[in-house]
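User: Please go through this structure with me, one question at a time. I would like each answer to end on the name or value asked for.

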Amino acid sequence: MSKTAPAPARKTAAPPAGCTIDINDPKVQDAAIKIQSSYRGHRSRREMREKGPPRILKDLKDVILIEGSAARLDCRVSAFPDPLIRWFKDGKELKDSPKYRYTFEDPDVVALVVRDGILSDLGKYTISITNTFGEAYDSAKIIIEVPGKIEKGPENVKTKAGQTVKLVAHISGEPEPDVGWTKNGADIEEDERVFYDIESDTTTLTIKNATKADTGKYEVFVENSLGMDQSFARVDVN
């Protein structure tokens with residue numbers, strides 16, 4: 001049986017010119033000290049982060065939401081171990097869903113996206129950040145802007161003289177819209193017999209002791225900075 005010939009000794013290639021480091025060079029030693037210091041600082045900050053409760057580094061801010069669009073509430077947090085994130089609207093917890101979407105962005109941004117904005121989305125939103133060391137909270141408002149709109153217009157009325165007529169329109173809008181009534185194209189001048197009331201979501205035109213002169217086309221309109229709407233009804237007094 002023949003012996004295996006020893007492998008030839010491998011020669012180490014010399015480093016290219018300019019790529020050698022002299023560990024005795026004061027500049028090299030200074031750089032090494034800075035690297036070690038930076039590492040120790042990073043490790044120290046990480047250890048402090050691990051031992052502390054969640055902290056909010058950037059507060060939530062109020063957001064304006066246009067009807068039909070989406071709004072985003074976000075804040076920057078610091079928490080380790082990974083925290084439990086919960087969102088609330090007016091004290092009621094919101095579950096992650098197509099309507100209310102929880103989002104997480106590295107390294108430390110958490111957000112809530114509210115989709116398909118409607119008037120009922122207006123309110124106070126709160127984030128709760130919890131880990132084994134504690135809990136942090138922050139809140140902001142979503143402000144809804146909705147064009148003035150008549151959800152349901154008044155109905156036509158036929159009545160006898162001497163009766164009371166009430167025309168009711170269901171309205172919406174944010175900012176709160178201006179409301180007005182006209183008869184046959186002219187603004188109604190209110191008095192004790194003919195007047196209109198405005199509630200949060202309705203407006204009512206009242207005509208007491210109706211006469212044949214009250215017969216005509218009555219129109220209601222609503223308007224705010226985002227838009228206007230109108231509707232009309234016919235009143236016939238016999």
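User: Which residue in S17 does Lys-158 stand opposite?

Analyst: The model is predicted, so local features need pLDDT of at least 70 and side-chain atom pairs count only at pLDDT 80 or more, while totals for chains, interfaces and linings use all residues. Residues are numbered from 1 along each chain as its sequence is written, and side-chain values use heavy atoms, with hydrogens and water left out. Strands are DSSP runs of E of at least two residues, numbered from the N terminus, and S10 (residues 157–159) pairs with S17 (residues 227–237) in the parallel sense over 3 bridges. In S17, the residue opposite Lys-158 is Asp-236.

User: Over how many bridges do S16 and S17 pair?

Analyst: Two strands pair if DSSP finds at least two bridges between them. S16 and S17 form a hairpin with 2 residues between them, and Lys-217 has Arg-234 in S17 as its bridge partner. S16 covers residues 216–224, and its antiparallel pairing with S17 has a bridge count of 9.

User: How many residues of S7 are buried?

Analyst: Buried means under 20% relative accessible area, with exposed over 50% and partly exposed in between (1.4 Å probe, protein chains only). Val-109, Ala-111 and Val-113 point one way from S7, Val-110, Leu-112 and Val-114 point the other way, and all are buried. S7 is mostly covered, and of its 6 residues the number buried is 6.

User: Which residue stands opposite Val-110 in S7?

Analyst: S7 pairs in the antiparallel sense with S3 over 6 bridges, and there Ala-71 stands opposite Val-114. S6 and S7 also pair in the antiparallel sense over 6 bridges, and a hairpin joins them through 3 residues. Opposite Val-110 in S7 stands Phe-104.

User: Is Asp-108 buried or exposed?

Analyst: Asp-108 sits in the loop between S6 (100–105) and S7 (109–114). Because its relative accessible area is 17%, Asp-108 counts as buried.

User: With which side chain does the side chain of Asp-108 make a polar contact?

Analyst: Counting contact as heavy atoms within 4.5 Å, and leaving out residues up to four places away in sequence, Asp-108 touches Leu-57, Cys-75, Arg-76 and Val-77. A polar contact is a pair of N or O atoms within 3.5 Å; within protein, one must be able to donate a hydrogen and the other to accept it, and residues adjacent in sequence count only if both atoms are side-chain atoms. At 2.7 Å, the partner of the Asp-108 side chain is the side chain of Arg-76.

User: How many charged residues are in the lining of the largest pocket?

Analyst: On a 1 Å grid over the protein atoms alone, a pocket is an open set of points where a 1.4 Å probe fits, with protein on both sides within 12 Å along at least five of seven lines, and lining residues have an atom within 4 Å of a point. The largest pocket has 14 lining residues, and Val-77, Asp-82, Pro-83, Pro-107 and Asp-108 lie nearest its centre. S3 (71–78), S6 and S7 each supply at least two of the lining residues. With Asp, Glu, Lys and Arg counted as charged, Ala, Val, Leu, Ile, Met, Phe, Trp, Tyr, Cys and Pro as nonpolar and the others, Gly among them, as polar, the lining has 8 nonpolar and 1 polar, and the charged number 5.

User: What distance separates the C-alpha atoms of Ile-129 and Trp-87?

Analyst: Ile-129 lies in S8 (residues 123–131) and counts as buried because its relative accessibility is 0%. Beyond four places in sequence, its contacts include Ile-56, Val-77 and Pro-83. Ile-129 and Trp-87 are 42 residues apart along the chain, and their C-alpha atoms are separated by 9.0 Å.

Notes
Helix = DSSP H or I, 4+ residues; strand = E, 2+ residues; numbered from the N terminus.
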